[in-house]
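Please open the model in your viewer, with the sequence panel beside it, and keep a selection tool at hand. The tour goes from one selection to the next and says what is to be found at each stop.

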Amino acid sequence: MFKLTSAKTLLTSLFTVSIILTFNCDSVWAQRNSRNYTGTAIVEYIIDERNIMAISDTGDWNVGEILPIISQNSKIGVFAYTELSSVKYIQPRRYELRLKLLRQSRTYLIQQGDYVKRLNLDGANADYIGTTDLLVKNHESTVSAKYKPLVHQGIVIGETAQTLYKNEILINFLGNAYYGLFENFMIGSYLPLNVLTGANGNIKYKLYDSESTTISSGLSYADIKEKGEQSLNFNFYWDSVSTVSLISHIYVSLGLIRWEDAGDATAIKALGSSSFQTGYEVILSNWDRLLVGPSYNFDKKALGGYLAYVWIWDQFHMEISINTTNVTSLKINPSDGYYGFFDLYWRF
């Protein structure tokens, strides 16, 4: 009788414990799911001042992708951003993620137990705030153009030192088109002008690229059938990250072969005339861009400049600008004075 009573007591106790454990586990998983832990990595420890180790139960991560660190305190949310440096298999359902710190809150420190979650960057994401640290430079086809470095600043302002990704296309509403032939090499052409005025094209190759500096060079050619002349320019580009929201651009175009009326085409960069231009790109919190800078044309011996705003959606860009080829001339004239311009272009 004693044995039977003891067995019943033991079974009752085990049943009670199992209910408690099941309830607790369900509560824990409910809490984890409510905070979107699914498909995340947990911060394990800090390696050094720039590197963090996190643990994930899956190896489905891409080296180079930008990942936010989210606080265990739900009131804080995202407070740091990292770049994935490596993924290492340890054992089944255990992978080590080495993360390089890009940007961190001045108020909160990264702690063991904070978690890393993949961001959806194929469209607008309120958690991804505009900054030079978070520009996506690696080739990821699904990433919105909002988060990529600018390659094209409009027909009037010209290009930056960046190049399109391999097989990527950029085209504007006037038929100015670019194509990423290789990862660091792109070609371009004003397509309608090939029929209207003569063959034209340009090439650009990225010579050097680091976290803070990008240097490129290239050539642009145009055949002016009406004049029976050609133009050939050597172009040099230098981009430099100045602050968390500012990128400076230097553009030099030297007319190796210039056509007779090249001085009248100062509004169009790299078309026979030699020019020097510096400018600044301000990345706003919503990833739109403000562009401003002076330019100097050697043929006109005149100082010009521009001020532009660029709205960026997933692939579509819209730009409005005020430009001048001569700040001392108050005329409304694109060759010697002030003029407005707008541009519409797609990057995909």
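The stops below cover a barrel, its strand pairing, aromatic rings, salt bridges and a surface patch.

The model is predicted, so that local features need pLDDT of at least 70 and side-chain atom pairs count only at pLDDT 80 or more, while totals for chains, interfaces and linings use all residues. Residues are numbered from 1 along each chain as its sequence is written, and side-chain values use heavy atoms, with hydrogens and water left out.

**The barrel**

Begin with the 6 strands that close into a barrel in the order 1-2-5-4-3-6, with antiparallel pairing. Strands here are DSSP runs of E with at least two residues, numbered from the N terminus, and two of them pair if DSSP finds at least two bridges between them. In this sheet, neighbouring strands are turned by 45 degrees against each other on average, direction ignored; the axes behind such angles are lines fitted to C-alpha atoms, and angles run from 0 to 180 degrees between N-to-C directions.

Next select strand 3 (residues 66–70) together with strand 4 (residues 78–91), which run antiparallel and are joined by 5 bridges. Within this pairing, Ile66 stands opposite Glu83 of strand 4. Glu83 is also linked with Lys100 and Glu211 in a network of salt bridges, a salt bridge being a side-chain nitrogen of Lys or Arg within 4 Å of a carboxyl oxygen of Asp or Glu.

**Aromatic rings**

Now show Tyr89 and Tyr95, whose rings form an edge-to-face pair at 5.4 Å centre to centre with 65 degrees between the planes. Rings of Phe, Tyr and Trp (its six-membered ring) pair if their centres lie within 6.5 Å, and planes under 30 degrees apart count as stacked, over 60 as edge-to-face and the rest as tilted. By this rule there are 13 aromatic pairs. Tyr89 is partly exposed at 47% relative accessibility, where buried means under 20% relative accessible area, exposed over 50% and partly exposed in between (1.4 Å probe, protein chains only). A further selection is Tyr81, Tyr128, Tyr147 and Trp287, which form one aromatic cluster.

**Salt bridges**

Of the 12 salt bridges, take Arg93 and Asp57, whose side chains meet at 3.1 Å, N to O. Arg93 lies in the loop between strand 4 and strand 5 (94–104) and Asp57 in the loop between strand 2 (51–56) and strand 3, so the pair ties together parts that are 36 residues apart in sequence. Arg93 counts as exposed at 61% relative accessibility, whereas Asp57 is partly exposed at 37%.

Then move to Glu65 and Arg118, which meet in a salt bridge of 2.9 Å, N to O. Glu65 is in the loop between strand 2 and strand 3 and Arg118 in the loop between strand 6 (115–117) and strand 7 (169–172), so this pair ties together parts 53 residues apart in sequence. Is Glu65 buried or exposed? At 6% relative accessibility, Glu65 counts as buried, while Arg118 is partly exposed at 32%.

**The nonpolar patch**

Finally, select Leu181, Phe182, Ile187, Ile203, Leu219, Phe234, Leu254, Leu256 and Ile257, which make a nonpolar surface patch of about 720 Å². Such patches consist of residues with over 30% relative accessible area and no salt bridge, nonpolar side chains (Val, Leu, Ile, Met, Phe, Trp, Tyr) being joined within 5 Å and like charges within 9 Å. Strand 8 (176–182) and strand 13 (246–257) are the elements that give two or more residues to the patch, and strand 13 gives the most, with 3 residues. Leu219 has its place in strand 11 (residues 213–224) and is partly exposed, with a relative accessible area of 33%.

Conventions: Areas by Shrake-Rupley, 256 points an atom, 1.4 Å probe, with all protein chains shown as cover. Helix = DSSP H or I, 4+ residues; strand = E, 2+ residues; numbered from the N terminus.
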